[in-house]
Amino acid sequence: METKFLSTAIGSMPFFSEKKAVEVSLSRLDAPIWPQLPKHGLYEQMEIQYSENLPRAVIDEQKSRMYFDTTGDYSDEFADFYAQYMEVDEGGSLDGFAISQKYSRGVYALLDALKDGGKRPWVKVQTTGPCSFALTIVDENKRAVFYNEEFRDVIVKGLAMKCRWQLQKFAPYAENMICFIDEPILSAFGSSTYVSVKRDDVVALVAEMVEAVHAEKALAGVHCCGNTEWSILMDAGVDIVNFDAFEYGETIAIYADAVKKHLDRGGMLAWGVVPTSVKIREQTAESLEVQLEAMMDNLAAKGVNKEIIVKQALITPSCGTGSMDEADAERVFDLLEQLTRKMKAKYGF
């Protein structure tokens, strides 16, 4: 698909006001996002936000943490979960997989803002990916639930249904939908910490999420804000690969053959060239244009057609802005908007 420097963003924002966050999203982005607002506390944290109604998920508010209780007999709870899951494939309701306002003010703030505005060309939603979720959240013995295959399966299916629920909620307000699967932990794939995590398992988990997104006729993207083995995502069938092109832009060219196949089948690259650190204070739209062109040229030098790279490009911040100062975050979105306009004008889009 030709996205022609479409701008969008990663979910988290530093604002406390959901109205402020939605205003920034709608005014700066071609594909607005619903904002994840971690300043609202525990329930808007990256994994907890998507844990609602997952069997055996325990939120310990006193210790500000979440874990899965894998003790005892949980067969009935799992049976109820899988029954709900199967009903969706038979045309049943996704309400059992909803994200309530307690877990996300941003979902409902964006829905309210879109209600009277007709259909937007694009809207983007997002869900924490199964690898990042299951390798971060532990059981009662502080062992990552990724290594418990029963719970890992529940997690990937629950998260897949969270994707579908979001896409159905926003579909009335968008001509085209994007769902990002956020997998920051993949930047550590292959390290000694995760040496037992198999490539085939990662591909299968991401592919299951992609299949769920495609079931709602939306584009599936994966965001990873560090360096990783980018061909994993392409092998999983994602439509959009989103990477930090400010700090790690050269790494995509290491996988030029896989990128070429990805683009040839209509896939896209989302260039996270706008930094989400204090380095944003030193940048201008012009400096970011130079950076983006250099990274695209670097990939083209490896045999990937520059015209296709350009036509099938998106532009994003390098990561979420949730941990930034508000002024710095606003600068991120301002420069993103300026850069998008410059690139579209430059290439006649």
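## Basis

The model is predicted: local features need pLDDT of at least 70, side-chain atom pairs count only at pLDDT 80 or more, and totals for chains, interfaces and linings use all residues. Residues are numbered from 1 along each chain as its sequence is written, and side-chain values use heavy atoms, with hydrogens and water left out.

Helices (H or I, at least four residues) and strands (E, at least two) are DSSP runs, numbered from the N terminus. Two strands count as paired if DSSP finds at least two bridges between them.

## The β2-β3-β5 sheet

Three strands form an open sheet in the order β2-β3-β5, and the pairing is mixed. β2 (57-60) and β5 (138-139) stand at the edges with a single partner strand each, so one side of each has no neighbour in the sheet.

β2 and β3 (residues 65-68) run antiparallel and are joined by four bridges. Within this pair, aspartate 60 stands opposite arginine 65 of β3.

## Strand β9 and its partners

Four bridges join β9 to β8 (residues 240-243), and the two run parallel. Valine 241 stands opposite leucine 269 in β9. From β8 the chain passes through helix α8 (residues 256-264) to β9, a right-handed β-α-β crossover (with the strands pointing away from the viewer, the path from the first strand over the helix to the second runs clockwise).

β9 also pairs with β10 (residues 313-317), in the parallel sense over four bridges. Here leucine 314 in β10 is the bridge partner of alanine 270.
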